[in-house]
Amino acid sequence: MTATVTGGEALVAALEVHGAETVFGIPGTHNLPVYAALARHGIRHVSPRHEQGGAFAADGWARAGGQPGVCLTTTGPALLNAATAAAQAYSDSVPVLLVSPGLPLRHPGRGNGYLHEVKDQRAAMDAIVAYSHRVTSVAEIPLAVAQAYAAMTTGRPRPVHLEIPLDLLDEQGPLQLVAPVPVPPAAPAAEQAAAAARVLGAALRPVIIAGGGCSGAAAELLEVAERLGAPVVTTANGKGVFGDGHPLAIGAGLHHEAVRALVADSDAVLAVGTELAPADLWNGPLDLNGPLVRIDVDVRSVITNARPDVAVVADAALALRAIADRLRPAAQPGPGHDRAAAARTVFAAQARAEGADYLGLTTALAEALGHDGFLVGDSAMACYYGALSNLPAHHPRSFLYPTGLGTLGYALPAAIGAKLARPDAPVVALHGDGGVMFTIQELASAAQLRIPLPVVVVDNGGYGEIRNEMTAREDPVHAVDLPGPDFPAIARAMGCRGVRVDGSATLARSLESALAADRPTLIHLPEDAAR
């Protein structure tokens, strides 16, 4: 006999069947039937203080945990508050399911001023996520959830939005759950793998560029690199997929001149799971003086930004495995190790020069995070000049950073999601003083959760990057200097610990204490003390 349930119950039951363990969201007038059902199921609910923070937390959960994150909002302004985070998830290929009510099923087509009414909420979200779908019956809800999970776990991960008309949430209907769809990873065509192996195997000076698409292919990437004797450089989202302690590792950051010189000196380039995007390169396309082999699960990305001589459209792990099986082992150590050592020396010097203002900070962070930790960074100078290329990374998805969209306010809420997904691992959020103000209210959420989360705020008195750009353009410098609030006092007022440190030695002790605390700790670090 088929059970009859409300639309809210159908949604929660479908999420539970698909393994959702945690939902980030804020209750509102229109989504209360969902909250009534959540209270009866074993899904943990986490209350952010703003919907953008909730969606960022779902993003952090997905990146650190490797499973889709879920964010639940109410209609209109609440969903639009989450839109920036949804766009960031799309940009960085993160599977986040956003669920919201919509206006009633039979609402007037041109509107009538209903509470939270938006001209076309579904269309607004459809413009920034993989797709936005409005269901039309209670019976359709489990199917829509199953389709969303299938989409998020097939090919290139992207966020999805489901809109459920608010009258359907209370309406009764049959519950017919849809089991998760088994989605096998995309295998490479044999001829593509063979062609890639021929090109790479014939190269005398190959190099590998690894992006976030390698997050599930670290072992296969290692084997291909060692068989080729190829130096490996990673993008920001690929940081950690190739351990920084390996003799073939160069580091993370495609924008350094050392990387450009290494690629220009290579007679074959293997790019795996990376867009080769301007947001990673900073200074224009790389100079290629040999064939380019690209592996990407996205058929569009594999030909965007750089045209490959060999394109392998497949899951990175399966493609690399197929290529490795066709390669002979290289001498260990061999010429590639010498090339890597030389390039790594130059790369490290350039990274230290670029991040000179933050070397004490990155040293303290490396000690605190150890081998298993996660750094969650904001789009801040301390992150992209400091941590990106100077902080060692040892495992995939250990550096969470808003690369493509480059939003501010990401780190704190995303770190909450990462810590909940990886409760036994050290997690640290790294912010600038300008960006942290976008989501500082999430300190209250973290305090309520009683999680030991250090939040480092590097203070340069405002929007330092934009200040520097104004100066470089010889423009009037204005609108970038911000009066500094008492950050530790703000943290304490929200139930956290708050401290101000004056140097890297004090920072190291504060991080150690914060990771052992019974609540979050905001660590206020003036930029001149981060050296």
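Arg-40 counts as exposed, because its relative accessibility is 55%; exposed means over 50% relative accessible area, buried under 20%, and partly exposed in between, computed with a 1.4 Å probe on protein chains only. Glu-9, by contrast, counts as buried at 13% relative accessibility. This is a predicted model in which local features need pLDDT of at least 70 and side-chain atom pairs count only at pLDDT 80 or more, while totals for chains, interfaces and linings use all residues. Residues are numbered from 1 along each chain as its sequence is written, and side-chain values use heavy atoms, with hydrogens and water left out.

**Salt bridges**

The structure holds 18 salt bridges, a salt bridge being a side-chain nitrogen of Lys or Arg within 4 Å of a carboxyl oxygen of Asp or Glu. Three of these pairs are set out here.

| Pair | N to O distance |
|---|---|
| Arg-40 and Glu-9 | 2.5 Å |
| Arg-156 and Glu-275 | 2.9 Å |
| Arg-156 and Asp-298 | 3.2 Å |

The side chains of Arg-40 and Glu-9 meet in a salt bridge. Arg-40 lies in the loop between helix 2 (32-38) and strand 3 (44-46), and Glu-9 in helix 1 (residues 7-17), so this pair ties together parts that are 31 residues apart in sequence. Helices (H or I, at least four residues) and strands (E, at least two) are DSSP runs, numbered from the N terminus.

Arg-156 forms a salt bridge with Glu-275. Arg-156 lies in the loop between helix 7 (140-152) and strand 7 (160-165), and Glu-275 in the loop between strand 12 (268-272) and helix 12 (278-281), so the pair ties together parts that are 119 residues apart in sequence. Arg-156 is buried, with a relative accessible area of 16%, whereas Glu-275 counts as partly exposed at 31% relative accessibility.

Arg-156 also forms a salt bridge with Asp-298. Asp-298 lies in the loop between strand 13 (292-296) and strand 14 (310-313), so this pair ties together parts that are 142 residues apart in sequence. Asp-298 counts as buried, at 8% relative accessibility. Through shared partners, salt bridges join Arg-156, Glu-275, Asp-298 and Arg-300 into one network.

**Nonpolar cores**

A nonpolar core is a set of buried Ala, Val, Leu, Ile, Met, Phe, Trp, Tyr and Cys residues joined through side-chain atoms within 4.5 Å. The largest one has 54 residues, and those touching the most other members include Ile-208, Val-224 and Leu-320. Helix 13 (residues 316-324) gives the most to this core, with six residues. Apart from it lies another core, of 49 residues, among them Ile-416 and Val-455.
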